[in-house]
Structure formats: structure tokens, C-alpha cells
Amino acid sequence: MKKELTPEQKADLRMKYEIAEELGLLDKITENGWKGLTSRESGRIGGIMGKRKRAQMQEGKKEKKADE
């Protein structure tokens, strides 16, 4: 039985698909699944995800300071 994804996991999955689409890899993923990607392609997606998550965290910190 599969577990329900947390809201954070759902957001990560959405981001992953968005990035794959931006890189032109969505068709490849649809046809072959995530395993069909090369390590370079997977790494590129992961790298961009990390960069965006860090940017989101920085924005959250800035907003938090502005509220104080």
C-alpha cells in the first residue's frame, strides 16, 4: 500500500515536472519514465531544484524579517 504524499513532497514533484518541461525532457519522461533519463539530465533537474529551493528559503527569511 502506497503512502499519501505530504504537501511538501507534492510541491517538490510539481517542481520536478515543471523543470523537466522547461528543459524539454517531459516527452522523454512520459515515454520512458524517470529511469529513461541520463544521469546528466537527472542531475541537471536536481541541481535546478536545489537552486530554486534555496531561493525560496531566502525569500521566506526575508519576508519573516519584514514582518517583525
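**Close-up views of a predicted model**

**View 1. The largest nonpolar core.** In this predicted model, the largest nonpolar core consists of 9 residues: Met15, Ile19, Ala20, Leu25, Ile29, Leu37, Ile45, Ile48 and Met49. Helices α1 (7-22) and α3 (39-67) each contribute at least two residues to this core.

**View 2. Surroundings of Leu25.** Leu25 is one of the core residues. Apart from neighbours within four places in sequence, Leu25 is in contact with Ala20, Leu37, Glu41 and Ile45.

**View 3. Salt bridge between Asp12 and Lys53.** The model has 4 salt bridges, including one between the side chains of Asp12 and Lys53, with an N to O distance of 3.0 Å. Because Asp12 lies in helix α1 and Lys53 in helix α3, the pair ties together parts that are 41 residues apart in sequence. Lys53 is partly exposed, at 31% relative accessible area.

**View 4. Salt bridge between Arg52 and Glu22.** The closest N and O atoms of Arg52 and Glu22 are 2.5 Å apart, and the two residues form a salt bridge. This pair links Arg52 in helix α3 to Glu22 in helix α1, 30 residues apart. Arg52 is partly exposed, with a relative accessibility of 28%, whereas Glu22 is exposed at 53%.

View 5. Lys28 is partly exposed, with 27% relative accessibility.

Technical notes:
Residues numbered from 1 in each chain as written. Predicted model: local features only at pLDDT ≥ 70, side-chain atom pairs only at ≥ 80, totals over all residues. Heavy atoms only, no water. Core = buried A, V, L, I, M, F, W, Y, C linked by side-chain atoms within 4.5 Å. Buried < 20%, exposed > 50% of the residue type's maximum accessible area, 1.4 Å probe, protein only. Helix = DSSP H or I, 4+ residues; strand = E, 2+ residues; numbered from the N terminus. Contact = heavy atoms within 4.5 Å.
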